Amino acid sequence: MPGQPPTSVTRHWWKEAVAYQIYPRSFMDSNGDGIGDLNGITARLDYLQDLGIDVIWICPMYPSPNDDNGYDISDYQGIMAEFGTMADFDRLLAEVHARGMKLILDLVVNHSSDEHPWFIESRSSRGNPKRDWYIWRDGKNGAEPNNWESIFKGSAWEYDQTTEQYYLHLFSRKQPDLNWENPEVRDAIYEMVRWWLDKGIDGFRLDAISHIKKEAGLSDVPALEGQAYGAAWDKMMNVDGIIEHLDEMCRETFNRYDVMTVGEANGVSPAQAEDWIGERHQRLDMIFAFDHVGLWAEDEAAGLDLSQIKQAFGRWQTGVEGFGWNALFVENHDVPRIISKWGDAEHYWYQSATAIASLYFLMQGTPFIYQGQEIGMTNTTFGSLDDFNDVAAKNQYVQMKQQGVDDAEIIRTLSQTSRDNARTPMQWDAGPGAGFTTDRSWLALNPNFETINVASQWRDSDSVLGFYRQLIRLRKAEPALIYGRYRLELESDPQVYAYSRLLDGQHWLVLVNLSDRPAQRRQLPWPLHHGRLALANYPVEPHPAEDTLDLRPFEARVYRLND
Ligand code: NOJ
């Protein structure tokens, strides 16, 4: 990397990297069965390299009955047959490394599949040596042991006929929670983790890691009137004592290797982040924070509240400054597409895709791109309930139905919120199967693949893909855009998200109009006329003559102020 080393924070390869998340089922199908696979990923590595990607994170590719598309693992050390073989994996890893990139895997150890041999043994009898590897309890008054609601709706307990007890599952009933209080469980997990690290992978994304500790006693939670179950967040998310588990796991595994870790740490606040990612502790390198994602769920009609978005990002930007590092993202496989949420896919598709990209990508942290985000993929359309695949959507359907909501309304809600929006196959070209498959894809293609696809944007620098490529190149060339301090500007502006990045006397300015209306601003607090334009998504003069701004709908500009 050119330029001066930063003076305020320690340098690490994973801080300078740009990461790309692959949902293997939907990325590239190499054998024509309608399902993405590992050889498909290998076949597309040149694309990722050309884009400027350094780290690839693949969502679970282990054997799984696919109740939750791979997040229900039945063998931690194998490969799902639909995705290929271990030899395919080894080749993928070698090819990633041959291109100077890194590969990280998804580590799902809050729970396993109910078809994992550990659970099969555990459920076989009360006296089985692995009984205590999961969380079993007697029922209470003829009902579940407590009233916790599963994150995927319904009770968090499942009754098991064989031994007449219930087991806990925070997610689907086919994802029983492992008992982290049992040292044998922890040792088995660490051994498995070291096995992958010894194979040469470059780290992990840690699924649902803030849930591994449950509050002792597993007591009831207050439920809303008329509801059988209640959200149990306080008792099963970021519970006191979890740091000891984290600490032990890091000591026994990751800290023995030069790898990167990013935790999915729902419920961890910036004030608690030091315990999780404070560099002096040597625990996790980064965590995904979900404050801004929560804003997805807000009432559609209410529109975008930019001040909340600024606060959500800002809390983390300033909150971990000096001791930790952020993981930057706006999309993943669990949330709808960002353009359909914060942008305007109909009138300002290109502008809003690139504006949102500029907004998050140049903050302090390691940026993640979710597959398809770089070509501006949008939410899809669902005609009927059969069009949904996700277990969470199906459970939500049952719950809404019980509440008396009619089908049309349920489809409307799920269409906006469903994770399936992000899981439609990658749109490679305008041909049949979108270049993803030669067969019928496992989940219907988004019908807009004929216009939104890689092939049509590949060599076009004015495309969304072209813009991402420029954004990546710019970030890599400028240490200030990696390590610089973040400072929010124009704090109360209701349309413009503006921030500075500051490092060793350098000053960069990112300006984004996150609205579909023009934004004229006078009397700006910085000397824009000394600036040089580094990137923009509309035609703009490279050297501003005056200190004024006339931003068009969803216009984004990046300036270096003191050349
Ligand atoms: C978080 C994952 O991102 C999500 O896809 C999954 O359903 C849950 N954890 C359960 O593993």
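Student: How many salt bridges does a search of the whole structure find?
Tutor: The search finds 42, where a salt bridge is a side-chain nitrogen of Lys or Arg within 4 Å of a carboxyl oxygen of Asp or Glu. Keep in mind that this is a predicted model: local features need pLDDT of at least 70, side-chain atom pairs count only at pLDDT 80 or more, and totals for chains, interfaces and linings use all residues. Residues are numbered from 1 along each chain as its sequence is written, and side-chain values use heavy atoms, with hydrogens and water left out.

Student: OK, which side chain does R126 meet in a salt bridge?
Tutor: That's D138, at 3.7 Å from N to O. The pair links distant parts of the chain, twelve residues apart: R126 sits in the loop between helix 5 (117-124) and strand 4, and D138 in the loop between strand 4 and strand 5 (157-160). Helices (H or I, at least four residues) and strands (E, at least two) are DSSP runs, numbered from the N terminus.

Student: And what is the relative accessible area of R126?
Tutor: It's 46%, so R126 is partly exposed. D138 is partly exposed too, at 44%. For the cut-offs, buried is under 20% relative accessible area, exposed is over 50%, and partly exposed is in between (1.4 Å probe, protein chains only).

Student: Where do D247 and R251 lie?
Tutor: Both are in helix 8 (residues 242-252), four residues apart, about one turn of the helix.

Student: Which residues are linked in a network of salt bridges?
Tutor: D68, D334, D390, R419 and R423.

Student: Switching to rings: how many aromatic pairs are there?
Tutor: A whole-structure search gives 31. Rings of Phe, Tyr and Trp (its six-membered ring) pair if their centres lie within 6.5 Å; planes under 30 degrees apart are stacked, over 60 edge-to-face, and the rest tilted. One of the pairs is W136 with Y167, edge-to-face at 5.5 Å centre to centre with 70° between the planes.

Student: Why does that pair tie together parts 31 residues apart in sequence?
Tutor: Because W136 lies in strand 4 (residues 136-137) and Y167 in strand 6 (residues 165-168).

Student: Are those two buried or exposed?
Tutor: W136 is buried at 7% relative accessibility, and Y167 is buried at 1%.

Student: What lies over the face of W136?
Tutor: R131, at 3.8 Å from the ring centre. The rule is NZ of Lys or CZ of Arg within 6 Å of the ring centre and within 35 degrees of the ring normal. R469 lies over the face of W458 as well, at 5.1 Å.
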